Amino acid sequence: AQSVTQPDIHITVSEGASLELRCNYSYGATPYLFWYVQSPGQGLQLLLKYFSGDTLVQGIKGFEAEFKRSQSSFNLRKPSVHWSDAAEYFCAVGGNAGNMLTFGGGTRLMVKP
Amino acid sequence: DAGVIQSPRHEVTEMGQEVTLRCKPISGHNSLFWYRQTMMRGLELLIYFNNNVPIDDSGMPEDRFSAKMPNASFSTLKIQPSEPRDSAVYFCASTPGPISTDTQYFGPGTRLTVL
C-alpha cells in the first residue's frame, strides 16, 4: 500500500529565510508525487508534480522539489519565504490505480515578520 | 472557468438529520473525488468516480454515507442520519481524466458541523 509521511506538523520560519518541507513516501513502483498548498478556508492548490524526467521540479510561487529515489523523499524548498506563504502544505503520492492520491498529514507553515 | 463549485459552504445541522453536499466539477472533467478533512485523520478519500461511475468507495465510512453522480456536471454526498463525528470539511475535486499524472482541482470545501 502507498503512504506518505510528513514528519513536521508545524514549522515556523522568518520572512526571507529559506524553507524546506520534508516528505517521505512508500510506494512499490515509480511514484507520481505532488505538493499541494491549502490557504486558510480554501481548497488545495497544486504547487508542483513529478512523474518522470528531471528529478528537480519547478513549481508555482517560486517553489521547487527534488525527487530522491534512494531516500524515498520529495522535499519541497523555497529560497526566500514570503509572509503570504503561510499555509498548510500537503505531499501526495499516486500511480497505484488511476489517479487516486494518498495525502500526507500536512505541514503547517508559519512565517514570522 | 469557475473552477470546482461546492454548496453549501457551511452547514450546521442537528444529529439525526439528513445532510446533502453538492459538487459541480470543472466542465469537461471526467473524474470526481470526494474527500473529508479533519484534524484527527487529515485528508481522507471517500469515493472516486470516473465517467459518472463509482470506481472506489472503500473510503466511505459506513452505510450512513452515500454518493451519486447522475451526470457529468453534478455529484452529491449524502449523510443520513448525521452524527457529531461527521463534523469535518468535505472537499470535492475533479480531474480531466483517469490519468495518474493529472492535477486534481479542489473546490473550496463545505464545512459541516453536526450538533
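Predicted model: local features only at pLDDT ≥ 70, side-chain atom pairs only at ≥ 80, totals over all residues.
Residues are numbered from 1 along each chain as its sequence is written, chains are lettered from A and ligands numbered from 1 in the order in which they are written, and side-chain values use heavy atoms, with hydrogens and water left out.

Next, the strands. β1(B) pairs with β3 (residues 19-24) of chain B in the antiparallel sense over 3 bridges; pairing takes at least two DSSP bridges between two strands, and a strand is a DSSP run (E, at least two residues), numbered from the N terminus. I traced an open antiparallel sheet of 4 strands in chain B, in the order β1-β3-β8-β7. β1 (5-7) and β7 (65-71) of chain B are the edges; each has a single partner strand, so one side of each has no neighbour in the sheet.

Then I looked up the largest nonpolar core, which has 27 residues. Such a core is a set of buried Ala, Val, Leu, Ile, Met, Phe, Trp, Tyr and Cys residues joined through side-chain atoms within 4.5 Å, buried being under 20% relative accessible area (1.4 Å probe, protein chains only). Among those with the most contacts inside it are W35(A), F74(A) and L76(A). β10(A) gives the largest share of this core, 4 residues.

Last, I checked L76(A): beyond its neighbours within four places in sequence, its contacts (heavy atoms within 4.5 Å) include L19(A), W35(A), F63(A) and Y89(A).

Note on methods:
Buried < 20%, exposed > 50% of the residue type's maximum accessible area, 1.4 Å probe, protein only.
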